Amino acid sequence: MDTVPHFICNFHLLWIWVLSFLIQSRSIGSKLRVANKVVVSSTACSTLADLNSMFPKGVPWVRYHGTYKELDISIVWPGKDTVLGVDSVGTISASLVTYVSIQALQPDLVINAGTAGGFKAKGATVGDTFLVSHVAFRDRRIPIPVFDLYGIGLRQAFSTPNLLRTLNLKVGKLSTSDSFEAPQEKASIIKNEATLEDMEGAAVAYVADLLKVPAVFIKAVTNIVDGDKPTIVEYSQNLTAVTATLGQAVAEVVDFINGKCLSEL
């Protein structure tokens, strides 16, 4: 472990899982206390203590929490829809669980990691892992001056040049919608110059920005939006393998964060 005083930190990691992770840490004054090494996967999370008392009664959200050396880890999953029993995907669940988690746990850094569709016209291929540069909504169309910009909600991810250079990840813009596949939204995606599309990223970015918490987005490509295969078929075929790739990338990101302050990322 780095013994330089301003690197001695007590880092809390909070992942929100269901296409997203949230990393959380506590600050000690103006310094961060960062752990020496952290490797977390969705499999490992099942062994951690489930601590849901921070959530309102009746919500399906789940928090897993544990420590690794000096690293405090929380993983939050929006859970299953209470009526239909399917995973709670989309911007509403992502916004709510991100807001409550940030308020309760006071993170220094949010990491939203998950799968996404990619555009081959922008250089994406199945299995690629991207570090997102900007995020925007693609389905909030408000044709009124200034409101149109609000609807798009373009935000820049927290800049991590050293992380990008060290891990050699691809870089691209992310476009978010509550629709899994909506051909009518492709014009908005093109206008946003997006390389990737998902269903949570811009919502997490909005909440993190609102609460002044830096956010990083890591996305792995399961399907090619402008390709020849049906989206559902390609997504289903590649989900397991791409999720494993994503898990490895997240572990590498955490290893890189270890021992560093935010300004060094």
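Colleague: In strand 10, which residue is the bridge partner of Val135?

Modeller: In this predicted model, Val135 has Leu174 of strand 10 as its bridge partner. Strand 8 (residues 129–137) is joined to strand 10 (residues 170–176) by six bridges, and the two run parallel.

Colleague: How many bridges join strand 8 to strand 12, and do they run parallel or antiparallel?

Modeller: Three bridges link strand 8 with strand 12 (residues 215–224), and these strands run antiparallel.

Colleague: In which sense do strand 8 and strand 9 pair?

Modeller: Strand 8 pairs with strand 9 (residues 155–156) in the antiparallel sense, over two bridges. Here Gln156 of strand 9 stands opposite His134.

Colleague: Is strand 8 mostly covered or uncovered?

Modeller: As a general idea, side chains in a regular strand alternate between the two faces of the sheet. As for strand 8, seven of its nine residues are buried, so the strand is mostly covered.

Colleague: Turning to helices, what describes two packed helices?

Modeller: The description uses the angle between the axes and the distance between them. Helix 2 (residues 91–105) packs with helix 6 (residues 201–210) at about 30°, and their axes are 8 Å apart. Because angles under 35 degrees count as roughly parallel, helix 2 is roughly parallel to helix 6. The crossing of helix 2 past helix 6 is right-handed.

Colleague: Which residues make the contact?

Modeller: Helix 2 contributes Thr91, Ala94, Ser95, Thr98, Tyr99 and Ile102, while helix 6 contributes Ala203, Val204, Val207 and Ala208. Of the residues in this contact between helix 2 and helix 6, seven are nonpolar, three are polar and none is charged.

How values were computed: Residues are numbered from 1 along each chain as its sequence is written. This is a predicted model: local features need pLDDT of at least 70, side-chain atom pairs count only at pLDDT 80 or more; totals for chains, interfaces and linings use all residues. Side-chain values use heavy atoms; hydrogens and water are left out. Axes are lines fitted to C-alpha atoms, for helices over the stretch in contact, and angles run from 0 to 180 degrees between N-to-C directions. Helices (H or I, at least four residues) and strands (E, at least two) are DSSP runs, numbered from the N terminus. Angles under 35 degrees count as roughly parallel, over 145 as roughly antiparallel, 65 to 115 as roughly perpendicular and the rest as oblique. A crossing is left-handed if the near helix is turned anticlockwise from the far one by less than a right angle, and right-handed if clockwise. Contact means heavy atoms within 4.5 Å. Ala, Val, Leu, Ile, Met, Phe, Trp, Tyr, Cys and Pro count as nonpolar, Asp, Glu, Lys and Arg as charged, and the others, Gly among them, as polar. Buried means under 20% relative accessible area, exposed over 50%, partly exposed in between (1.4 Å probe, protein chains only). Two strands pair if DSSP finds at least two bridges between them.
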